[in-house]
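Try each task before you read its solution.

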Amino acid sequence: MAGPKTPPYYSPTYKKNGANYASSPHSIRINLYTLAITFTVLCSIAYLIGRGSISTSPVSNVAASIPCIPLKITSATSAVSKNSSSSTTGQLDLTATQGEDDAIPDDGVKVYPPCDIKYSEYTPCEDPQRSLKFKRDKLIYRERHCPDRSQLLKCRVPAPSGYKKPFKWPKSRDLAWYANVPHKELAVEKAVQNWIRKEGDKFRFPGGGTMFPNGADAYVDDIDKLINLKDGSIRTAIDTGCGVASWGAYLLSRDILAMSFAPRDTHEAQVQFALERGVPALIGVLASKRLPYPSRAFDMAHCSRCLIPWDLYDGAYLMEVDRVLRPGGYWILSGPPIRWRKYFKGWERTRDDLNGEQTRIEEVAKKLCWKKFVEKDDIAIWQKPYNHFQCKEQKKKLICPAQDYDRAWYTELETCITPLPEVSSDEDVAGGQLEKWPKRLNAIPPRIISGTVKGVTAGSFEKDSQLWQKRVSYYKSIDNKLNQPGRYRNLLDMNAYLGGFAASWVDDPVWVMNIVPAEAEVNTLGVIYERGLVGTYQSWCEAMSTYPRTYDLLHADSIFTMYKERCDMEDILLEMDRILRPEGSIIIREDVDILVEVKRIVDGLNWESLIVDHEDGPMEREKLLFAVKSYWTAPADTTTSPRI
């Protein structure tokens, strides 16, 4: 946290050798700011006592309508005169409405213009044109390849003309507006497989898929007959080559969170459709790098005709699934080569070819000490062992060299077995036994019990959970929109630490993508998964692997403190603007000096914003910025500038 003293709880953004405000080059400005605020507050109190009324609103409104001195700190304040109730009730009303005229920014504020309409679906690190410069071997060209800083856009990505608020969950699972994702390709290409249908101005998702002609719901029921999906032992899943993520969408009704991913490829906008539906998803591919998740993260992994060559490259891709799969977890495969005797003609492959592929997959599974759990009809399921107690011979031959097995941000894929934590008997679960969901959410995670997460104890974990319950409650007391069920669906926590923010929303109809920054001092993403939550690694000096307009609410705790010496604040805020929906919300927690700078850039982005006091009162240096992205779109006539 900000300030020269140790924060009240451990934070990965806190650095012992960090900036000392008393000796920093900004200290004079900070002291002047403090003196000015103190003088203003004292003057205000005297003025208000004279009138016989003192407002207790948490809204920071320094120097607004105070006759004592002509002090104006525009970047650190926001008048609430637009809604007089906010100054008396403490509730914000930052409502960006469709067609509302944008406010004229203050003098000296840099204004960020709209980008050209051709950037409407710009995903900087998965740009199809840039990808052509890279090798096609192992699909390397479909991995993340980000622009350098000289190529970064300094404009606001437009929404397509006619963009509308997505349908509320759970309706959004089945419907999306055509104007929001104006692509008919999948509806035509996958018409027989019933992935998606265009109906007038809407898309409908019937839940079909290549290997589940009776629908994803029935397919999930078929899996449930083979492994128990109802008892809470399976909570997190990963879907490789997810299509429009119907498998993950229908798992949600079973209280199972699936992280779905697919590359940006010829099936245009499949991940965009998934997120438009309100289902967790990322652009991604199994290629030459590790998947951006920690080891032992998922209870279940799934591939339904995902076309990943599991048998090639010495089994490297199955070994990566093994790395991210929890001890005792399941790998589910449907589609080629499973049940090839029935389907080989339709797959336009020979019997020998498909039989050889399945044989090689079975051989890799044996090397990993997986056991064939069941194969019935179109579905085959393998189970990872609970420990490597009986796998010592395989480990000697194929064990990965000692390293950080949770490290997975641009980390090269290896052809070796990720060792499980040592156990003392064949009955033990490597790494520790997890509680069943929902007890898992608040139980002390095994990684913390074992002491493998630096600086985090059972006591500090519980304290952090209580802290975020308090903070999210405070957020909801400030912004009433946060109390409206269905107002938000896709949430993003840009610096999740132990997942406390996400855990505080568990009773709301939302899901949270928890980000552990690659630059964080302590890697806590494994803890987040052990709580039954999902997330990924990310450096905020780069763009996220997602389409524009895919999140309803962004939460940024100390992000700009973390990246102060690493990359430009405006680039992080422009990325936030890209991935946030029109009329989406932002909550930023920072030291007041940093928030002053953030506020100036936010004004240039045409966000409606307001700075409020910390939940512990106005004497805390840390403040909060609440903001709403304004509604604006590209024009219907794309030859003209976007409408704002």
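**Exercise 1. Find which way the side chains of β17 point, and say whether they are buried or exposed.**

Step 1. Glu 622, Leu 624, Phe 626 and Val 628 point one way from β17, while Lys 623, Leu 625 and Ala 627 point the other way. All of them are buried, where buried means under 20% relative accessible area, exposed over 50%, and partly exposed in between (1.4 Å probe, protein chains only). Helices (H or I, at least four residues) and strands (E, at least two) are DSSP runs, numbered from the N terminus.

Step 2. Since 7 of the 7 residues of β17 are buried, the strand is largely enclosed by the rest of the structure.

A word on the source: this is a predicted model, in which local features need pLDDT of at least 70 and side-chain atom pairs count only at pLDDT 80 or more, while totals for chains, interfaces and linings use all residues. Residues are numbered from 1 along each chain as its sequence is written, and side-chain values use heavy atoms, with hydrogens and water left out.

**Exercise 2. Identify strands that pair with β17.**

Step 1. Strand β15 (residues 580–591) runs antiparallel to β17, joined by 7 bridges; two strands pair if DSSP finds at least two bridges between them. Here Arg 589 has Leu 624 as its bridge partner.

Step 2. β16 also pairs with β17 in the antiparallel sense, over 5 bridges. Leu 610 stands opposite Phe 626 in this case.

Step 3. Now look at the loop between β16 (608–612) and β17 (622–628), where Asp 613 is found. Asp 613 counts as buried because its relative accessibility is 11%. Its side chain makes a polar contact of 3.2 Å with that of Lys 623. A polar contact is a pair of N or O atoms within 3.5 Å; within protein, one must be able to donate a hydrogen and the other to accept it, and residues adjacent in sequence count only if both atoms are side-chain atoms.

**Exercise 3. Locate the salt bridges of Asp 299 and Arg 578, and place their partners.**

Step 1. Side chains of opposite charge can pair when their charged atoms come close. A salt bridge is a side-chain nitrogen of Lys or Arg within 4 Å of a carboxyl oxygen of Asp or Glu, and the structure holds 44 of them.

Step 2. Asp 299 meets Arg 440 at 3.0 Å, N to O. This pair links distant parts of the chain, 141 residues apart: Asp 299 is in strand β7, and Arg 440 is in the loop between α11 (392–398) and α12 (446–449). Both Asp 299 and Arg 440 are buried.

Step 3. Arg 578 meets Glu 575 at 2.8 Å, N to O. Both lie in helix α17 (residues 569–579), 3 residues apart, about one turn of the helix. Arg 578 and Glu 575 are both buried.

Step 4. Finally, a network of salt bridges links Lys 110, Lys 154, Glu 570 and Asp 571.

**Exercise 4. Work out how many residues of helix α8 are buried, and what they pack against.**

Step 1. Helix α8 (residues 316–324) is mostly covered, with 9 of its 9 residues buried. Among them are Tyr 317, Glu 320, Asp 322 and Arg 323.

Step 2. The buried residues of α8 pack against β7 (298–304), β8 (325–334) and α10 (351–367), with contact meaning heavy atoms within 4.5 Å.
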